[in-house]
Amino acid sequence: MPPEDDAIRCDACPVLCYIKPGRTGACDRYGNHDGQLVRLDPHVVLDRALTRGDSVVPFLGREQDWDGKIVSGPETFVTAIGAGTTYPDYKPAPFIISSEVQGVDMVTVVTEGIFSYCGVKVKIDTDRHLGPETSLVRAQGEPVGHVTTSEYGSQMLSLGGVRHLTGGSKHEGTVTCETLLKLCERKPVELTIDGGATVQVQAGKPPVVDGVQEERMRVGCGSATIGMFAKQWLGKVDDVVVVDDHITGVLSEHQAGKLLGIPETGIKIKGRRSTPGRYFRVAEPGTAWGGTNIEDPLVILQEFNPKSAWPGLRLLMVSTTGEQHAYFELDEKLRPVQKDLPDGLRESVARIKENCEPALCTVLFMGGAGGSLRAGVTENPVRLTQSVKNALTRVTCGGAPVYVWPGGGITFMVDVTRMPDNAFGYVPTPALVAPIEFTLTLGDYAALGGHMNHVRPLSSLLSERRISARPENASPFSSAKSARPER
Ligand code: SF4
């Protein structure tokens, strides 16, 4: 039952807040303004004229009633940011906007989706060991995800998901939601990994591992580094070991060294020999040389074979980022003695560093839009899924391009750094709120059972905030149109 006072009920999410005049609901996204339920953030429209620095042409005079004609062109794209939701999903999306693009009538359907099934995939460019695979990742002490398979030069985390949002304690769900929201809004978050490191993650910024900011990601694995730089070492040194947690490379044994005619040096490496000049597991994972736990590279060497080694043999040991390096010469008893790095080798070490790209954190939001929000687009929801799969409907997230996973549903990923500021929100169910737009031709929209009676022009919007479209994001109209098959 509603309360006796003049509070109004918000039905934009399952929480169903009663909001008193002048107050906001639990998510701070809706408020009671003079008895009206209003979405508090401005509705965002992307403008390509602004991006180019052109003067902006206003929409049709707002005082005019819409006469039913389609207006607005490819310069403007209405996003779902600030648009509101379709919840409880039996009603059409908040905005179904028409436009004419190069003679083709287009429609963009926008809604702020409430995603209980969502999370982020985090790519952290570092060789340093953050924690064993499958280890729990915690924020504020609560489990919010896990370490997943590492990729080339990067460690990967999988955070969020319905199990952490809804399957654990209330606090776990709240902290998970808060962590996802911060990461999606490109804010810094401190994460601790069970049995591993503490890492500060912020989209588009370098990771900070155990208090140390990562500068560069590795140039490649140890074997790849040998291949890339073998020629530059020829004649300047007798052997090179590139220390790497995954594949440690040895120049004289490696195929690159063989083809360059580099003679055997009698070097012997601890660890598991995979193929000539390529060794696995020379040490344990860590945050020292090449993502291993070794501080002194000599610990991975066994005694040199006297049949091949010789006094004065020159050996360079270097990590995959060039951050650590040491130069040795063998004494009369074939023991390595550290010496200053010769000038001739300085350049090659500097070249390794130069080829290491800046280390960054990348955050991809991943959500499932194949559920009830489709009913806001069409009366027959599966037709929308089919239209997306057939590339007739283009999906964007705040105007940013998304990758839609093959298979069932509309499960998509988007790089949060390509989205406008303040694009995300939350509701305390807990779930994340993210913008989603579907763009297609008017004809295709009618064919999939779209809510044609609710199509209206951009000029019918009462208030909106225009911001520059990101130049790196292709216009959603261009892709939707070009994806249209011949008929
Ligand atoms: S949490 Fe926000 S969206 Fe949900 S009912 Fe309350 S005010 Fe409305």
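Buried here means under 20% relative accessible area, exposed over 50% and partly exposed in between, with a 1.4 Å probe and protein chains only. The close-ups come from a predicted model, in which local features need pLDDT of at least 70 and side-chain atom pairs count only at pLDDT 80 or more, while totals for chains, interfaces and linings use all residues. Residues are numbered from 1 along each chain as its sequence is written, and side-chain values use heavy atoms, with hydrogens and water left out.

**View 1. Gln202 sits in a loop between two strands.** Look for Gln202 between β14 (198-201) and β15 (208-209); helices (H or I, at least four residues) and strands (E, at least two) are DSSP runs, numbered from the N terminus. Gln202 counts as buried because its relative accessibility is 18%. Leaving aside residues up to four places away in sequence, Gln202 touches Arg186, Lys187, Pro188 and Cys361, where contact means heavy atoms within 4.5 Å.

**View 2. Helix α7 (residues 381-389) has buried residues on one side.** Leu384, Thr385, Ser387 and Val388 are buried in α7. They share the same side of the helix because they cover an arc of only 160° around the axis, taken from the directions from the helix axis to the C-beta atoms. The packing partners of these buried residues are β25 (394-397), β27 (403-404) and β30 (431-441). Just after α7, you will find Ala391 with a positive phi of about 60°.

**View 3. Phe229 and Trp233 pair within helix α4 (residues 222-233).** Rings of Phe, Tyr and Trp (its six-membered ring) pair if their centres lie within 6.5 Å; planes under 30 degrees apart count as stacked, over 60 as edge-to-face and the rest as tilted. By this rule there are seven aromatic pairs. With centres 6.1 Å apart and planes at 45°, the rings of Phe229 and Trp233 form a tilted pair. The two residues are four apart, about one turn of the helix. Phe229 is buried at 3% relative accessible area, and Trp233 is buried at 0%.

**View 4. Phe365 and Phe424 meet edge-to-face.** Their ring centres are 5.2 Å apart and their planes lie at 65°. Phe365 belongs to strand β24 (residues 361-368) and Phe424 to the loop between β28 (411-415) and β29 (425-427), so the pair ties together parts 59 residues apart in sequence. Phe365 is buried, with a relative accessible area of 0%, and Phe424 is buried at 8%.
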